[in-house]
Amino acid sequence: MSHVNATTFTIVVILFLFVTFIGFAAAHWRRADDMMHLNEWGLGGRGFGTFITWFLLGGDLYTAYTFIAVPALVFGAGSIGFFAVSYTIMAFPVAFIFLPRLWSICRVHNYVTPADFIRGRYGSRGMSLAMAFTGILALMPYIALQLVGIQSVLTVMGVGTSSNNTFIQDLPLVIAFLVLAIFTYVSGLRAPAAISFVKDTLIYVFVLVAVFYIPTRLGGWGHIFGTAQHHFTSINPETHKPYGTFIPTQHAVGSTQLDFASLALGSAMALFLYPHIVTGALASKRRKYIKRNMSLLPAYSILLGLIALFGYMAITDPVTAANVKKSGNAQLAVPYLFQHMFPPWFAGIAFAGIIIGALVPAAIMAIAAANLFTRNIFKEFFKPDASPVLETKMSQWASLVVKIGALLFAIELPHTFSINLQLLGGVWILQVFPMLVGGLYTRWFHRWALLAGWLAGMLYGTIAAYNVKNATTSHWASSSDIVFGHTVYIGLTALVINAVVATLLTLVFKATKAPEGTDETLPHQYTADPEDLPAPAPAGVGLGTAAD
Amino acid sequence: MAASSSAPRGPQDSTITQVKSPVAAHPITSAAIAVLITASILGTLIVPIYARITPKIGDWPFFYFYLIAYIPVAAIILWVVALLQRRLQQPADGGDGAAR
């Protein structure tokens with residue numbers, strides 16, 4: 001570890017130990033009488049107010065990977081990377097429409113996962129399995145990418161890279177992840193909720209400092225934008241095309257405006273379908289806290305917009321640009337920029353912010369995936385009489401398995417692979433839109449038709465994404481492909497196919513009078529705002545004895 | 001409130017709770033909510049309105065300035081929508097109104 005800066009390293013370690021302590025201590029925060037219930041472990045007691053919900057959802061939506069990947073995309077391709085800003089603007093009005101309804105119905109019926117709702121709404125085990133499967137599938141690479149975010153910081157810090165032994169190389173990552181796995185096991189959703197305070201404070205501080213300080217070092221915003229514009233309009237000698245676009249264009253050079261808009265819209269619609277975001281939202285105590293947060297959370301979007309501009313700063317700073325070019329990995333743009341621009345102690349704070357920023361969403365994702373597995377696969381298909389205690393234990397273990405799986409994923413597979421899978425994750429999760437959001441408003445769609453539409457969307461999305469190629473790769477080159485001569489986000493095309501199939505088959509099934517399934521929800525429950533949790537559903541046997 | 005207590009009946013008479021549809025009770029407020037939410041989405045979805053370099057705001061090309069400046073605008077719109085929805089909750093007939 002010869003190139004490791006001692007100051008930077010020490011600060012990162014101290015902050016990491018600090019959040020580890022918080023993670024374990026969180027088990028005692030707002031403690032309930034009976035912790036062995038999924039409402040407690042998996043949803044933090046369903047009692048978070050506006051303020052905690054803001055931190056928790058903020059920590060959940062804006063992951064370390066966002067902080068690394070968005071500027072990396074801006075660094076590599078220019079304005080198309082700003083689709084992320086557009087999408088985080090649109091995500092909140094879109095969620096404002098349906099998220100309060102989802103919260104209410106889940107609150108009234110004590111649903112823990114989105115698949116629980118689908119089960120209750122359509123009386124269909126197949127559909128709830130489809131939702132659980134899609135959710136877990138989309139979450140696994142997302143968790144792995146949080147590790148990729150940590151790795152890129154560790155690489156720039158020089159931790160582990162000086163050794164040729166792969167075990168030693170990955171050791172810091174393994175340690176960080178084991179700690180994460182254990183405190184999630186112990187504290188459940190309370191751990192990421194508590195840690196998100198630290199994470200967000202660090203991130204707000206380093207982003208604001210960076211945005212005001214770095215331009216003074218690089219000759220001002222005029223120079224930064226000027227350099228970026230010059231870079232992206234010049235011709236890449238290898239591809240004979242411009243390096244990227246400085247402003248989305250209407251021509252077929254690089255990214256087009258339609259590509260930008262469809263990526264933004266598709267991602268915005270997908271964002272609040274992710275099970276980990278639903279988990280964060282369901283942990284809120286009241287319906288109005290969710291609505292209020294839809295106008296408070298955009299504060300993070302401003303942060304994201306500024307972070308995206310780090311990509312242009314990295315282009316403008318010759319040392320950073322050269323470092324990134326040498327490593328051949330655009331994901332390192334932000335860490336290299338901070339390392340070169342900041343004094344070591346402040347770089348330590350920024351790096352710790354990114355690393356902790358990976359732990360919070362990774363924990364929530366693992367909890368969400370574990371809840372899906374326990375409620376909608378284990379309990380539904382293997383042990384229908386599982387007690388709340390058994391459910392909670394199962395979820396705790398499942399969260400460990402999910403995390404270890406993600407760790408192997410991140411270590412064993414090439415990074416581009418997990419990035420591609422994450423792009424696919426967005427395409428996949430978008431395919432539950434008709435059954436989940438549609439189901440919040442209408443039972444018109446037939447359950448079998450929705451299932452068929454989901455399958456069609458999943459298949460089209462996967463195959464289309466596989467077939468996208470560019471100059472350097474033959475598959476998985478991007479998440480957009482060409483439909484009728486326009487470059488469009490695959491997820492959105494797949495969603496249209498999905499909706500068309502679901503609509504047509506609904507007409508067929510209705511005509512043939514196929515069984516509709518029972519609906520256990522009532523119209524007024526979608527707007528209810530109960531202050532108290534409903535009594536835990538009687539699970540039959542083995543209710544946990546209250547300790548203390 | 002603005003809507004009269006003799007507002008037209010809600011579309012679903014058969015609902016178990018017999019709640020008058022808030023949308024039918026407050027048509028103007030409901031329309032305003034729909035327009036505001038749609039507008040907040042379209043303002044960033046229609047890329048041609050802001051995909052340009054000029055006019056520059058300070059050193060910032062218009063595209064980048066617009067995207068960042070639009071974030072608080074969209075947030076304020078949603079805040080107003082939440083306030084308007086609270087008006088919807090106040091039932092025109094004095095009963096126990098449902099949200100939205």
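A residue is classed as buried if 20 or more other C-beta atoms lie within 10 Å of its own, as exposed if 12 or fewer do, and as partly exposed in between. In the predicted model described here, this classification applies to Arg46(A), which has 19 other C-beta atoms within 10 Å and is therefore partly exposed. Arg46(A) is located in the loop that joins α2 (38-41) to α3 (50-61) of chain A. Although Arg46(A) is not a glycine, its phi is positive, at about 50°. Most residues other than glycine have a negative phi. A positive phi, of about 55°, is also found at Lys513(A), again not a glycine. Lys513(A) belongs to the segment that follows α22 (490-511) of chain A. Because Lys513(A) has 7 C-beta neighbours inside 10 Å, it counts as exposed.

The fold of chain A as a whole was examined next. Chain A contains 22 helices and four strands. Of its 548 residues, 59% are buried. Among the contacts in chain A with a separation of 6 or more, 81% are accounted for by residues 24 or more positions apart.

After α7(A) comes Gly158(A), with a positive phi near 85°.

Helix α17 of chain A, spanning residues 344-382, has 39 residues. From first C-alpha to last, α17(A) reaches 53 Å, close to the 57 Å expected at 1.5 Å a residue. A kink of about 30° is present in α17(A) and is centred on Thr374(A). Helix α17(A) is mostly covered, with 29 of its 39 residues buried.

The contact between the two chains involves 35 residues from chain A and 33 residues from chain B. On the side of chain B that touches chain A, the elements giving two or more residues are α2 (27-45) and α3 (62-89) of chain B. The most is given by α3(B), which provides twelve residues. Classified by residue type, this side of chain B has 25 nonpolar residues, five polar residues and three charged residues.

Terms used
Residues numbered from 1 in each chain as written. Chains lettered and ligands numbered in written order. Predicted model: local features only at pLDDT ≥ 70, side-chain atom pairs only at ≥ 80, totals over all residues. Contact = placed C-beta atoms within 7 Å. Nonpolar A, V, L, I, M, F, W, Y, C, P; charged D, E, K, R; others polar. Expected span 1.5 Å × (residues − 1). Bend = angle between axes of the 7 residues up to and from the residue.
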